Amino acid sequence: MENLKGRTIDFSEVIKNDGGIKIVSFWATWCKPCIQELGYLNDLYDELQLDMNTTVYAVSIDDARSRKRILPFVNGKSWEFEVLIDENSTLKRKMSVLNIPHTFIIDQKNNIVYQHNSYVPGDEEEYFKVIRELN
Amino acid sequence: MLLISLFVLKFGLLAQDKKGHLSGDFYAISQYYLEDEVIGATKLPGGQSIGINTALSLNYTWNNFSAGIRYEAYEPPLLGFEPALEGHGFGYRFAQYKYKSLDVTVGNFYEQFGSGLTMRSYYEPQLGLDNSIDGARIKFSPKGLDLTLLYGKNRKYFEKDDSKIAGLNLDVYLADYLESLNQKNLSLDLGFSVVNKNETDETGLNVPASTLTWASRIDLGIKGFSFGVEYASKGEEPHSLNGFTENPGQGVFISAGYSQKGFGANIYWKFVDNMFFRSDRESLSNVTSAINYLPPNSNVNTYRLMTLYPYATQGNGENGVNANLYYTIKKDTPLGGKYGTKISVDLSYITGIETTPTGAKTYDTKFLAFTDSLYYGNFNVEVTKRVNRQLRYVAGLGYINYNRDIIEGIPGSGFVKSLTFFTDITYRLQNRKFVRTELQHMSAKNHLGNWLLGLVEFGWSAKWSAYLSDEWNYDSGTHYYAAGMNFRKGATLVGLSYVRERSGLLCVGGICRFVPASKGVKVELSTSF
């Protein structure tokens with residue numbers, strides 16, 4: 001997969017070098033519930049980062065149609081996350097993700113402790129509950 | 001690397017895991033079809049009442065080795081999918097070994113070179129599209145470059161197309177070699193792809209067996225700016241979708257963008273001329289036998305009424321621009337409110353290309369020229385605002401000018417000009433309860449006329465929600481309604497609904513399939529483990 005500069009990166013390295021808790025959320029610029037979910041997480045990002053030692057990795061599956069839009073979109077929305085690009089859905093398949101949004105919570109030792117498919121308002125409260133138990 | 005990623009992700013420090021690990025996913029969508037003369041809903045083409053699409057995928061990883069399979073069944077496929085998909089079997093299986101910067105795969109694999117102009121194999125179950133390549137692939141990624149070599153045949157339904165595909169792709173990241181670029185925070189990437197298709201000529205038309213397609217590209221990034229150009233050229237390839245022309249093909253993508261926190265803008269220009277690259281020259285299907293991918297240069301409109309007029313890529317010739325603007329009005333200002341107000345503006349303008357015949361099967365093209373023949377125009381403005389902890393809304397409008405002659409291939413049907421207003425309001429209540437409503441109105445000249453849509457969704461716990469919607473064509477007085485219930489737990493989703501749906505084009509990434517009107521009971525299940 002790639003970072004926002006178009007560089008191929010190794011997701012395992014990204015995760016490995018992050019000793020904290022990780023939220024990994026698969027999304028796309030055309031996915032309304034994904035944008036709603038990430039919008040709420042962005043509003044709470046100070047709390048997640050500073051109080052709960054948690055980084056959000058938003059993995060976009062936008063293909064060639066919209067991938068050039070990702071960076072302007074993310075900046076335009078003032079999102080603060082780490083944004084990664086999985087243009088041909090390779091990581092999505094590897095992580096057995098069928099539909100987006102699909103969100104994983106990964107603990108400090110890189111174990112997946114929680115995963116969730118789809119989004120309705122309030123789901124982020126569940127993520128906070130899981131993260132509080134890990135802290 | 002991804003293999004290792006998964007391993008690490010799923011199982012922690014995998015070196016300690018001697019048995020490896022199994023993961024997977026499963027989905028099933030089934031519908032019981034009822035007849036309805038008013039909307040023209042029928043049973044399946046074979047006369048059956050029940051259709052089902054389902055697939056089970058399994059991935060196994062053990063140290064540097066991984067393997068996977070996907071078993072699929074379409075018994076028979078749902079309405080709107082190609083009936084030839086009917087059957088069941090292993091649609092996909094692979095084995096992969098990765099050691100340091102080397103990655104070898106045998107079996108089925110998905111791959112994309114650049115933006116896909118020369119080749120893209122991918123899986124899109126919503127379209128019934130899977131053009132995975134069955135063969136072998138080697139990737140080599142030392143510092144500063146990615147090299148890919150592949151050879152194989154395209155999947156078609158549960159078989160393969162006969163043509164043999166061989167490809168090479170190279171990406172070089174100069175900032176890895178030139179420290180001066182790095183110091184200036186400048187990235188400069190170069191890419192080159194070449195793909196050859198060899199297909200035995202069984203048409204008797206004396207067409208060339210081999211077609212070579214190549215592309216080169218450059219991407220530049222400095223601070224908030226980005227700029228990219230990709231040019232592709234395709235050799236002579238007469239096939240059913242291009243009218244067996246003897247012309248070569250060409251394509252150009254140019255993109256430029258700028259962004260900083262709170263503001264982003266992007267413009268994308270795309271010109272293509274005879275760029276459908278096919279693994280079966282006689283196939284008329286637009287969801288099978290594609291070697292490359294031509295992304296549509298239009299917005300993805302997701303509000304239901306606007307999906308009535310989507311754009312489908314015209315790979316034989318189109319020229320278009322697409323511009324997007326994203327802006328956040330700062331929080332703690334009168335217009336920004338407590339959380340900031342997000343605004344997006346999108347514009348798409350796509351025309352045909354200018355060609356002059358030079359023979360029975362050849363022509364000249366005016367490179368990069370727009371024409372008076374409009375294919376598609378779209379302008380959207382959307383505002384998203386979170387007012388407080390409880391209330392969030394999206395409101396906007398979209399204008400579409402849609403050339404039905406070209407996009408649906410129905411000569412004489414003319415243009416459909418439509419203007420749509422939409423609102424999408426979410427209100428949170430106590431204890432995980434919420435209400436979401438959508439209200440949309442489309443006024444349209446020609447075709448089906450005017451529409452009003454209302455939707456109410458109610459969630460009463462973390463696991464349960466239900467919805468009711470009505471899409472009402474008030475010129476004809478026809479109601480298209482849906483009522484459904486969803487259950488969600490972790491990575492499992494179960495949905496049950498009763499629907500009366502209009503016909504229309506279902507498009508993913510500019511590739512569209514026509515879905516006839518239908519009525520009936522739908523059951524959906526998906527899970528990952």
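How many residues does the contact take from chain B and from chain A? The points below take up this matter and others in turn.

1. The structure is a predicted model. The contact draws on 69 residues from chain B and 49 residues from chain A. On the side of chain B that touches chain A, helix α1 (residues 2–11) of chain B gives the most, with seven residues. By class, that side of chain B has 33 polar, 24 nonpolar and twelve charged residues.

2. Chain B contains 33 strands and three helices. Its radius of gyration is 25 Å, close to the 24 Å that the globule rule gives for 529 residues, so chain B is as compact as a globular protein of that length. The C-alpha trace of chain B spans about 65 × 55 × 55 Å along its principal axes. Of the 529 residues in chain B, 40% are buried. Among contacts in chain B between residues at least 6 apart in sequence, 54% join residues at least 24 apart.

3. Strand β28 (residues 464–473) of chain B runs antiparallel to strand β29 (residues 478–489) of chain B, and ten bridges join them. B:Asp470 has B:Tyr481 in β29(B) as its bridge partner. The hairpin of β28(B) and β29(B) has four residues between the strands, and in this hairpin B:Gly477 takes a positive phi near 80°. β29(B) also pairs with strand β30 (residues 492–501) of chain B, in the antiparallel sense and over eight bridges. Here B:Ala482 stands opposite B:Val499 in β30(B). In the hairpin of β29(B) and β30(B), with two residues between the strands, B:Gly490 takes a positive phi near 55°.

4. B:Arg513 lies in strand β32 (residues 511–515) of chain B. B:Arg513 is partly exposed, because 19 other C-beta atoms lie within 10 Å, whereas a buried residue has 20 or more. Leaving aside neighbours within four places in sequence, B:Arg513 is in contact with B:Gly80, B:Leu127, B:Val287 and B:Leu506.

5. The largest nonpolar core has 40 residues, of which A:Trp27, A:Cys34, A:Leu38, A:Ala58, A:Ile100 and A:Ile105 touch the most other members. Among the elements of chain A that give two or more residues to this core are β2 (21–27), α2 (32–43), β3 (54–60) and α6 (123–134). Not counting residues up to four places away in sequence, A:Ile105 touches A:Ile21, A:Ile23, A:Val113, A:Tyr114, A:Tyr127, A:Val130 and A:Ile131. Apart from this core lies another, of 26 residues, including B:Met306, B:Ile400, B:Met442 and B:Cys512.

6. Most residues other than glycine have a negative phi, and most peptide bonds are trans. A cis peptide bond, with omega about 0°, joins A:Ile100 and A:Pro101; A:Pro101 is in the loop between α5 (90–94) and β5 of chain A. The peptide bond from B:Glu75 to B:Pro76 is also cis, with omega near -15°, and B:Pro76 lies in the loop between β3 (65–74) and β4 (87–99) of chain B.

7. Two asparagines of chain A have a positive phi: A:Asn53, near 55°, and A:Asn110, near 70°. A:Asn53 is in the loop between α3 (45–52) and β3 of chain A, and A:Asn110 in the loop between β5 and β6 (112–117) of chain A. Are these residues buried or partly exposed? A:Asn53 is partly exposed, with 15 other C-beta atoms within 10 Å, while A:Asn110 counts as buried, with 20 C-beta neighbours inside 10 Å.

Technical notes:
Residues numbered from 1 in each chain as written. Chains lettered and ligands numbered in written order. Predicted model: local features only at pLDDT ≥ 70, side-chain atom pairs only at ≥ 80, totals over all residues. Contact = placed C-beta atoms within 7 Å. Nonpolar A, V, L, I, M, F, W, Y, C, P; charged D, E, K, R; others polar. Rg over C-alpha atoms; globule rule 2.2 N^0.38 Å. Buried ≥ 20, exposed ≤ 12 C-beta atoms within 10 Å, placed from the backbone. Pairing = 2+ DSSP bridges. Core = buried A, V, L, I, M, F, W, Y, C linked by C-beta atoms within 7 Å.
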